Amino acid sequence: MSFETTKNDGYGASRSTPARIIAAAIEASMSMSWFGYLGRTVLTFMFWSSGLAKLFDSDAGLAEMRHFGLVPEVLFYFATVITLLAGSLLVILDRWAWFGAGALAVFTTLTIPIAHNFWAMEEPLKTMEFHVVMEHITVVGGLIVAIYASAIRKVRSHSSKLPR
């Protein structure tokens with residue numbers, strides 16, 4: 001990815017503007033590996049933080065499974081914790097990111113009819129849950145972008161290692 005950072009003024013000299021300086025800083029950051037780790041960690045925050053909370057407070061995690069009628073709750077509890085933590089880790093490390101992000105996207109989509117079925121609720125809860133569903137759909141979109149970005153990075157990395 002490349003951003004134009006200078007513009008020729010017609011006399012052969014280039015000018016820097018705040019926008020061009022910011023664009024150059026963004027381009028430099030995007031080429032650093034820590035920036036990718038930071039982005040993937042932030043993207044998966046809602047998943048790994050929930051997984052850790054459930055792991056460290058299993059009583060609350062099991063109560064959540066019971067609240068949503070998921071039986072057997074122990075099976076759903078372990079499946080949820082494993083999906084949240086393993087999926088996040090795969091995305092953050094960019095190893096099998098397609099699998100981790102895909103699992104998190106399926107998990108997020110499945111929470112809609114289980115926990116956020118706004119169509120069966122009364123106002124004002126109906127509207128609040130509708131907005132939660134919209135946010136969930138947006139997160140799924142972000143996970144799809146993560147899969148795409150990972151694939152692009154791997155193709156570019158592989159093609160740069162080919163003999164010329």
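Me: Where is the place of Arg 40?

Reply: Arg 40 sits in helix H2, residues 33–43. Helices here are DSSP runs (H or I, at least four residues; strands are E, at least two), numbered from the N terminus. A word on the source: this is a predicted model, where local features need pLDDT of at least 70, side-chain atom pairs count only at pLDDT 80 or more, and totals for chains, interfaces and linings use all residues. Residues are numbered from 1 along each chain as its sequence is written, and side-chain values use heavy atoms, with hydrogens and water left out.

Me: What is the nearest side chain of opposite charge to Arg 40, and how far away is it?

Reply: That's Asp 94, 4.6 Å away. A salt bridge needs a side-chain nitrogen of Lys or Arg within 4 Å of a carboxyl oxygen of Asp or Glu, so Arg 40 is buried yet has no salt bridge. For charges, Lys and Arg count as positive and Asp and Glu as negative, while His and the chain ends are not counted.

Me: What does the side chain of Arg 40 reach, then?

Reply: The backbone oxygen of Val 91, at 3.0 Å. A polar contact is a pair of N or O atoms within 3.5 Å; within protein, one must be able to donate a hydrogen and the other to accept it, and residues adjacent in sequence count only if both atoms are side-chain atoms. Leaving aside neighbours within four places in sequence, Arg 40 is also in contact (heavy atoms within 4.5 Å) with Ile 92, Asp 94 and Arg 153, among others.

Me: Why is Asp 94 called buried?

Reply: Because its relative accessibility is 8%, and buried means under 20% relative accessible area, exposed over 50%, partly exposed in between (1.4 Å probe, protein chains only). Asp 94 is in the loop between H5 and H6.

Me: What makes Asp 94 and Arg 153 a salt bridge?

Reply: Their side chains meet at 3.1 Å, N to O. Arg 153 lies in helix H7 (residues 125–160) and Asp 94 in the loop between helix H5 (73–93) and helix H6 (97–115), so the pair ties together parts that are 59 residues apart in sequence. At 36%, Arg 153 counts as partly exposed.

Me: How do you know that Asp 94 and Lys 154 form a salt bridge?

Reply: The N to O distance is 3.4 Å. This pair links distant parts of the chain, 60 residues apart, with Lys 154 in helix H7. Salt bridges that share partners join Asp 94, Arg 153 and Lys 154 into one network. Asp 94 also has a polar contact of 2.5 Å with the side chain of Ser 150.

Me: How many salt bridges does the whole structure have?

Reply: Four. One of them pairs Glu 73 with Arg 66, with the closest N and O atoms 3.7 Å apart. Glu 73 is partly exposed at 24%, and Arg 66 is partly exposed at 46%.

Me: What makes up the largest nonpolar core?

Reply: Nine residues, including Phe 47, Leu 84, Val 91 and Leu 143. A nonpolar core is a set of buried Ala, Val, Leu, Ile, Met, Phe, Trp, Tyr and Cys residues joined through side-chain atoms within 4.5 Å. H5, H6 and H7 are the elements that give two or more residues to this core. Another core, of five residues, lies apart from it, with Leu 62 and Tyr 77 among them.
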